[in-house]
Structure formats: C-alpha cells, structure tokens
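Please examine the sequence and the structure shown below. The paragraphs that follow lead through them step by step.

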Amino acid sequence: MHDVIIVGGSYAGLSAALPLARARRSVLVIDAGVRRNRSASAAHGFLTQDGVPPADVAALGREQVLRYGTVRWLDGHVDQAEAVDGGFRVTVSGQPAQLARRLILATGVIDGLPDIPGLAPRWGRSVFHCPYCHGYELERGRIGVLATSPMSIHHALMLPEWGPTTFFLNGVLAPDAGQLAELAARGVAVEAGAVRSLGGAPVDVEMADGRVFPLAGLFVLPHTTVAGPLAAQLGCTLEEGPLGSFIRTDETKATSVPGVFACGDGARAAGSLPFAVGDGAMAGVAAHRSLIFNA
C-alpha cells in the first residue's frame, strides 16, 4: 500500500511527486511514456528551461524525483482504477495490481487534429496550438490559423502579435459582420476557401483551387479529450470547455471523488508545460495534506 500513486510521469506528475517525496511519503509513479509535446523540438515559456528539448526537461525531472528513496517508478499503462477499502487499486497491463491511499491523475489529453493530409506529421514542428510556446521563434514571419471551432476566431485575433496572420476558414466557420470587422482591425486576412493539404517546409497551405500560401507556421486548436478511461471509471466529474473535455477540480486540484486529485492538461480547460508544473505541485501538496488530516 503506497501513500500515493501518480498516473502519468510527465511534467505534472513529476511535479506532484516532488513535495510528496520531500515529505518522505511512499510514491509510485506509473508512466506510459507518451508526452503530449513529444513532437516539439524545444520547450518555451518555462522559466530556467526556455529553449530546452522537452525530453531533456522530463528526463531531468525524473532523475531529480527518483533521488528520493521513497519514490518508485513503473513503466506501464494503467488499464483500470477503482476505489477499495482504504484507498484505490490500479491495474497495470501485464503487471501486478498496485494499491494506494490516494491517487493523482496526470494522464494528460489526446489532441484531435483536423483530417487534412500533411497536418499530423507537422504537428509540434511547424503546426502548433500555443502561440506563447511557439510564436516567438517564427521571427514575425507569415502565420496561418486554421479554423476548427468558434474559438478559432479568438485564436486568429491573438496571432498578429507574432506575425502577419491569415485565417483559413476551410468551411468550418462563417464569421458575422462584427467578427469580420474585428479581424480586419487586427490586420487578419480571411480566406474562405477549402484547404486541400499541407506541404512544404516549414509549411505551405495548399488550397483546393490550387493556390498555395507559404507560411512560417500554422496554428490549429485541436479538440481535446481526457487521455485514458481512469477518470470515467472512478466517477470523476468532467467538464466541457471550449477546446474539449477535462477533469473538474477545485482550487487544490481535488476531483469530485474523495482521495482522487488531477493535474496537468487533463485537468484544465487549456494547458501548457508551466501550468502543468504549477498544478502538479498543488496536487502533490493537497494529496499530502489529505493524508495528514484524513480529508
């Protein structure tokens, strides 16, 4: 029986493990090895780690957490989680079940991308979702925004901060007169035609009518879903945000299920590496306090 099992060993999970380790609590981190930003070449906007490859950030975090003797690491995929007397049991593929008094879900999200040829291979390389993470490096070159939902209008209004912006509607949206006026005021060009594919390097938007728009980068808001079945199995309340579903938590990152906490991109409406680290620290501290005070 561990004090805490953390499902997910990326930035949020590692951050949650650290305060628990420093309180000398027994922690098991179970990780399937699939980071959301695994395609990106560099992490940005995270103090002291700006420009560092994301894998290096995660590897250093793991090394530091595992220096504490009460922390164990298990590579594997958690198939099931359930409440039992005294805590929770999680089932890991091909390995013995594990028990803990508290559970922290740091499983992240799955990005649902538009089904446009050439888009998926460029995800995290020249097609992005977060301008704060990737906009600066485009050096004020030409930027595109591909419409995926009504939130894409907000996205298109933001992007001129980072470069001349073209908004590709692709049949998804039909902005009204007021929205078109807002876009024009921000200098955003609007293209109503259908996008056929992406090509080139860094990225060209190829239209169905044959026109090609060479860009420094393209921004897309994916539709997100909570990764894995654990939150649903446990009965955690989910919320539907503008980009997709996420696990509802309070200010301490406690879910609707007593003893279960959640942090990272799967537990907020929109996430990033710095937010994941902050949320993880809160979840770890809150889980520890709940062990002390039996909350």
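From which domains does the lining of the second largest pocket draw at least three residues each? It draws them from domain 1 (2–110 + 223–293) and domain 2 (114–220), where the bounds come from an automatic or database domain assignment. This is a predicted model, in which local features need pLDDT of at least 70 and side-chain atom pairs count only at pLDDT 80 or more, while totals for chains, interfaces and linings use all residues. Residues are numbered from 1 along each chain as its sequence is written, and side-chain values use heavy atoms, with hydrogens and water left out.

A pocket here is an open set of points, on a 1 Å grid over the protein atoms alone, where a 1.4 Å probe fits, with protein on both sides within 12 Å along at least five of seven lines; lining residues have an atom within 4 Å of a point. The second largest pocket has a volume of about 510 Å³, a volume being the space filled by probe spheres set on the points, which are joined across faces, edges and corners. It is lined by 28 residues, and His 129, Cys 130, Leu 243, Ala 270 and Gly 271 are the closest to its centre. Helix H4 (151–158) gives the most to this lining, with 4 residues. Helices (H or I, at least four residues) and strands (E, at least two) are DSSP runs, numbered from the N terminus.

The largest pocket has a volume of about 1000 Å³. Its lining comprises 50 residues, and Val 34, Arg 35, Arg 36, Asn 37 and Val 109 lie nearest its centre. Among the elements that give two or more residues to this lining are helix H1 (11–22) and helix H7 (273–293). Because domain 1 and domain 2 both give residues to the lining of the largest pocket, this pocket lies between them.

Tyr 11, Leu 14 and Leu 20 are among the buried residues. The cover over them includes strand S1 (2–7), helix H2 (54–65) and H7. Just after H1, Arg 24 takes a positive phi of about 60°.

Finally, consider Glu 191, which is placed in strand S11 (residues 189–191). Glu 191 is buried, with a relative accessible area of 17%. Leaving aside residues up to four places away in sequence, Glu 191 touches several residues, including Phe 167, Arg 211 and Phe 213; contact means heavy atoms within 4.5 Å.

Conventions: Buried means under 20% relative accessible area, exposed over 50%, partly exposed in between (1.4 Å probe, protein chains only).
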